[in-house]
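Here are some exercises to work through with the model open beside you. Try each task on your own before you read the solution.

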Amino acid sequence: MNPLLLTDGYKTDHRRQYPDGTTLVYSNWTPRKSRIEGAEEVVFFGLQYFIKKYILQDFERDFFSRPKDEVVARYARRINNYLGENQVGSDHIAALHDLGYIPMVFKALPEGAKVPVRVPMFTMYNTLPEFFWLTNYFETLLSAVVWMPCTSATIAARYRSVLDAYAAETSSVPEFVNWQGHDFSMRGMAGIEAAVSSAAGHLLSFTGTDTIPAIDFLEEYYNANSDTELVAGSVAATEHSVMCMGTNEGEFETFKRLICDVYPKGIVSIVSDTWDLWKVLTDYLPRLKDVIAGRDGKVVVRPDSGDPVDILCGNPNGKTVEEQKGVVELLWDTFGGSTNSKGYRELIPQIGAIYGDSITIARAIDICERLKAKGFASTNVVLGIGSYTYQYNTRDTFGFAMKATYGEVNGQGREIFKDPVTDDGTKKSAKGLIKIVKENGAYTLIDQVSWEEERTGELKEVFRDGTLLVDQSLAEIRSRVQG
């Protein structure tokens, strides 16, 4: 598809709506508010993907490398069929094709930066006067592509901060947090691009994911190399169909075969609540105790039904002793472990647990807090983060918007802004040219600056006139997010 058709319909004729003599439009991308408690900074991630995938790859393949007559005719057909015979025209499309590149500048903060709400992450403007219309023409495509990786990266960082804090307090292996938040969201996302770009955002804070194509995404667009660095990983794991096929009556034999024959070493995660989780914990696993304790690798028990906090940590009001104790304490009763220097119990390395369903940030905190209260290290469990967490968001989760704040008409600069009297202040934009400064480690917006001032500060050119100027790596971005 012609990338110029990846836009809202109303964008197509804004070229004629700007004042006569308009030669420049300057806009920015800003998270304007937070709907997630405690998240007042938003992780910037995804612009490099947008530039490489759409501005460079797709425009080259589907626009510049196609015959001009074909491109112009298809554009005219679509717009005329859509709007009816009108005066949008196609000469500007032909002129862009003749030019052979996108005449824009993108200036951005480093990806992985944690940016306070209401501070722009990047700006963009046209470099040739006749293409002033391009700047905000890109708003729809850019917004559709970038808001989700920023949002998911920010949410993942929130999980990471929670798990880091509890590991620092209770665990002898705080580095295990790299694996403690595991992405199970792919099947519930709104299409493959959403799944992959969101999963890449998750991988800025963690290394565990079941979204395999996120690795390709990071290799293609963020200079990762899974041959030389740990981009992402997972473990062998069963699902309910596997356990059901072994039959209820043969469930113990299924466990035994998986642990002894199929996976005699290494990590294997076994879904354990197809029928009776408590029977697995108090009957099957004790009968396999010696085998499990002698393995070179870990057996991971995976429940995914019920209240995750109660299942893992126990419910004092439970009807049975098993319900009162919960998974971690029952594993301790069978396998034991050690008490670390911080005074918290850690299971033997050959046994553990993962809960892969319905783990919100609030539940992650509850699980860690209740394990701590019972004297267990938080790193005894892995928490699965699914599509409820990563899909149940919108562009408004962090109020993302791209707004023009400056333009030039007949050679004269115009500082422009919006500030609706009927709004609560969320939609009030910056005004004029902007620069971002870093004060005491935090980014701050300064608007209404001159072009000379605009060229200073923390925003750096990452793209100009068809050329990518900054090509960041996964390793660099991870260090910013986790630093």
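## Exercise 1: An annotated stretch

Helices (H or I, at least four residues) and strands (E, at least two) are DSSP runs, numbered from the N terminus.

Before going on, note that this is a predicted model, in which local features need pLDDT of at least 70 and side-chain atom pairs count only at pLDDT 80 or more, while totals for chains, interfaces and linings use all residues. Residues are numbered from 1 along each chain as its sequence is written, and side-chain values use heavy atoms, with hydrogens and water left out.

**Task.** Find which feature UniProt places at residues 4-55.

**Solution.** The unreviewed UniProt entry lists "domain: Nicotinamide phosphoribosyltransferase N-terminal" there. UniProt positions are given in the numbering used here, feature names are shortened, and annotations may be inferred rather than shown by experiment.

## Exercise 2: Helix pairs

**Task.** Work out how H3 and H4 are oriented to each other, then do likewise for H11 with H12 and for H12 with H15.

**Solution.** 

Step 1. Axes are lines fitted to C-alpha atoms, for helices over the stretch in contact, and angles run from 0 to 180 degrees between N-to-C directions. Angles under 35 degrees count as roughly parallel, over 145 as roughly antiparallel, 65 to 115 as roughly perpendicular and the rest as oblique.

Step 2. Helix H3 (residues 68-83) and helix H4 (residues 91-99) have axes that come within 10 Å and cross at roughly 150°. H3 and H4 are therefore roughly antiparallel.

Step 3. Helix H11 (residues 251-262) packs against helix H12 (residues 277-287) at about 45°, with the axes 10 Å apart. That angle makes H11 oblique to H12.

Step 4. H12 also pairs with helix H15 (residues 321-335): their axes come within 10 Å and cross at roughly 15°. H12 is therefore roughly parallel to H15.

Step 5. H3 and H4 cross in a right-handed way, as do H11 and H12, whereas the crossing of H12 and H15 is left-handed.

## Exercise 3: The largest pocket

**Task.** Describe the volume of the largest pocket and the residues that line it.

**Solution.** 

Step 1. On a 1 Å grid over the protein atoms alone, a cavity is a set of points where a 1.4 Å probe fits but cannot get out, and a pocket is an open set with protein on both sides within 12 Å along at least five of seven lines; lining residues have an atom within 4 Å of a point. Grid points are joined across faces, edges and corners, and a volume is the space filled by probe spheres set on the points.

Step 2. The largest pocket has a volume of about 1200 Å³. Its lining holds 47 residues, and His-182, Phe-184, Ser-269, Ile-354 and Val-382 are the closest to its centre.

Step 3. Among the elements that give two or more residues to this lining are strand E6 (181-183) and helix H17 (387-391). The largest share, 4 residues, comes from E13.

## Exercise 4: The largest cavity

**Task.** Locate the largest cavity by its lining residues.

**Solution.** About 50 Å³ of space lies in this cavity. Its lining includes Leu-47, Gln-48 and Ile-51, and helix H2 (residues 47-64) supplies the largest share, 3 residues.

Notes
Left-handed = near helix turned anticlockwise from the far one by under 90°.
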